[in-house]
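Open the structure in a viewer and keep the selection tool at hand. The stops below are meant to be taken in order.

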Amino acid sequence: MKIGIGTACFFALLSVCGHFYLAKRAYQLSAGLAKQSAICHINENINCDQALLSPYAKIFNFSISDFGFAFNLIVFLLILFALKFSLSDYWKNLSFYLSSLIALSSLGMAFLSLLHSLHCPVCWSLYLFSFILLASLFFAFKSSLKSPLVFILQAVQEKSSYLLAIVIFLCALFLHISFVNAYNIKDQKEIISALLTDWQYEPPIKIPPQHLIQKGAEDSSIVIVEFADFLCPSCKRVQEPLKRFLKNFPDVKFYFFAFPRDKACNDSFPFSRSGLSCELSKAIVCAKGKAWEFHDFFFDKQAQFQTAEGDTEKTQKLLDEIINKTQLDKAQFELCMKNESTLEKVKLSAQAGGQAEIEGTPSFFINGKKLRSYDPQLVLLYKIHQYLKPQ
């Protein structure tokens with residue numbers, strides 16, 4: 001019996017921690033504050049964020065993990081009490097049937113996950129934990145367990161059952177309010193809603209096909225266009241949520257346009273600078289099949305490129321690093337960089353931004369409609385995806 005209770009206690013605690021983690025991440029996603037997570041994001045098919053942003057992850061604007069946390073916390077406290085003291089048959093039954101309710105909920109969520117291909121690794125672990133918890137309590141309390149109908153009739157008559165239900169709700173409410181206040185969710189929701197409405201009423205424009213690189217499904221009905229400068233700090237900041245979104249939704253088509261903020265290759269920009277932004281954009285053209293590796297490297301090493309701006313030797317050293325890493329032919333790469341047609345491709349990319357009348361970088365267009373935000377949060381991109389996704 002002690003072994004069963006101890007096992008149940010351990011898995012109940014793991015479940016409390018797991019639901020707290022998911023609840024916290026759900027509110028961080030709503031606030032646009034969630035960082036990349038190795039635990040949550042294994043690949044585009046196995047990740048928590050897509051599941052947490054789905055409509056099935058909420059009940060009356062509460063994260064479903066709020067209730068998972070509350071239920072498992074109560075069960076954990078009851079089991080912890082059972083380890084130290086003797087529980088009456090009623091409380092043993094209550095612990096078991098609460099864990100049964102958790103297991104049944106897990107079964108329902110697992111079905112929805114499979115039905116909608118929402119594969120959250122933390123969620124699946126919690127589903128497993130719920131059944132281990134249930135089995136542990138069954139073997140620990142089986143001599144005291146009553147049939148479900150008998151227990152329900154008893155629970156209806158017990159005032160403590162109603163008190164416990166209130167405690168569970170208040171616990172979930174406390175967690176919800178704590179995260180809403182901590183991450184300023186109310187204001188964020190209003191901002192996201194306004195941005196979504198603005199985007200919906202934007203007149204679509206035709207953007208010339210002068211992008212430097214692309215990724216995603218060829219026949220996608222959802223097309224995202226980004227205009228960016230590799231030395232722009234705001235452009236670097238949006239790369240993480242944008243990359244995660246594209247990994248989560250491989251059905252989206254994505255076009256990257258270089259819009260260097262330097263008159264040397266961009267007639268839309270009034271000032272001449274060092275020319276480094278133009279050189280990095282040209283490098284994307286010359287990288288050919290390794291263009292996305294160059295793209296990510298330039299943003300990852302942005303601070304170093306900014307420091308090297310105007311210093312040809314330092315810049316070349318950084319370029320050599322990615323050339324060697326991708327095993328490109330350096331001689332052919334340098335020849336391509338000197339080719340006039342390479343500069344012309346960058347100029348055409350920048351001209352497309354001028355024709356689209358972009359006002360700064362990064363600028364985004366989704367299905368030809370301008371997104372009035374230089375910082376497209378993951379939750380905003382998700383809502384637009386849901387709006388556009390064919391039913």
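This tour goes through a predicted model, one selection at a time.

**Stop 1**

Select helix H4, residues 89–115, together with helix H7, residues 159–182. Their axes come within 12 Å and cross at roughly 40 degrees. Angles under 35 degrees count as roughly parallel and 65 to 115 as roughly perpendicular, so H4 is oblique to H7. The crossing of H4 past H7 is right-handed.

Now show the side chains where the two helices touch. On H4, pick Tyr90, Trp91, Leu94 and Leu98; on H7, pick Ser160, Ser161, Leu164 and Ile168. Of the residues in this contact, six are nonpolar and two are polar, with no charged residue.

**Stop 1: a serine on H7**

Stay on helix H7 and select serine 178. Is serine 178 buried, partly exposed or exposed? Its relative accessibility is 29%, so serine 178 counts as partly exposed. To try the distance tool, pick the C-alpha atoms of serine 178 and alanine 194, which are 16 residues apart along the chain and separated by 24 Å.

**Stop 2: an enclosed helix**

Select helix H16, residues 378–388. Eight of its eleven residues are buried, so the rest of the structure largely encloses H16. Colour the buried ones: Leu378, Val379, Leu380, Leu381, Tyr382, Ile384, His385 and Leu388.

**Stop 4**

From strand S6, step back into the loop that joins helix H15 (340–355) to S6, where proline 362 is found. The peptide bond from threonine 361 to proline 362 is cis, with omega near -5 degrees.

Glutamate 357 has its place in the loop between H15 and S6 too. Phi of glutamate 357 is near 55 degrees, a positive value in a residue other than glycine. With 61% relative accessibility, glutamate 357 counts as exposed.

**Stop 3: another positive phi**

Finish with asparagine 61, in the loop between strand S1 (58–59) and strand S2 (62–63). Here phi is near 70 degrees, a positive value for a residue that is not glycine.

Technical notes. Residues are numbered from 1 along each chain as its sequence is written. This is a predicted model: local features need pLDDT of at least 70, side-chain atom pairs count only at pLDDT 80 or more; totals for chains, interfaces and linings use all residues. Side-chain values use heavy atoms; hydrogens and water are left out. Axes are lines fitted to C-alpha atoms, for helices over the stretch in contact, and angles run from 0 to 180 degrees between N-to-C directions. Helices (H or I, at least four residues) and strands (E, at least two) are DSSP runs, numbered from the N terminus. Angles under 35 degrees count as roughly parallel, over 145 as roughly antiparallel, 65 to 115 as roughly perpendicular and the rest as oblique. A crossing is left-handed if the near helix is turned anticlockwise from the far one by less than a right angle, and right-handed if clockwise. Contact means heavy atoms within 4.5 Å. Ala, Val, Leu, Ile, Met, Phe, Trp, Tyr, Cys and Pro count as nonpolar, Asp, Glu, Lys and Arg as charged, and the others, Gly among them, as polar. Buried means under 20% relative accessible area, exposed over 50%, partly exposed in between (1.4 Å probe, protein chains only).
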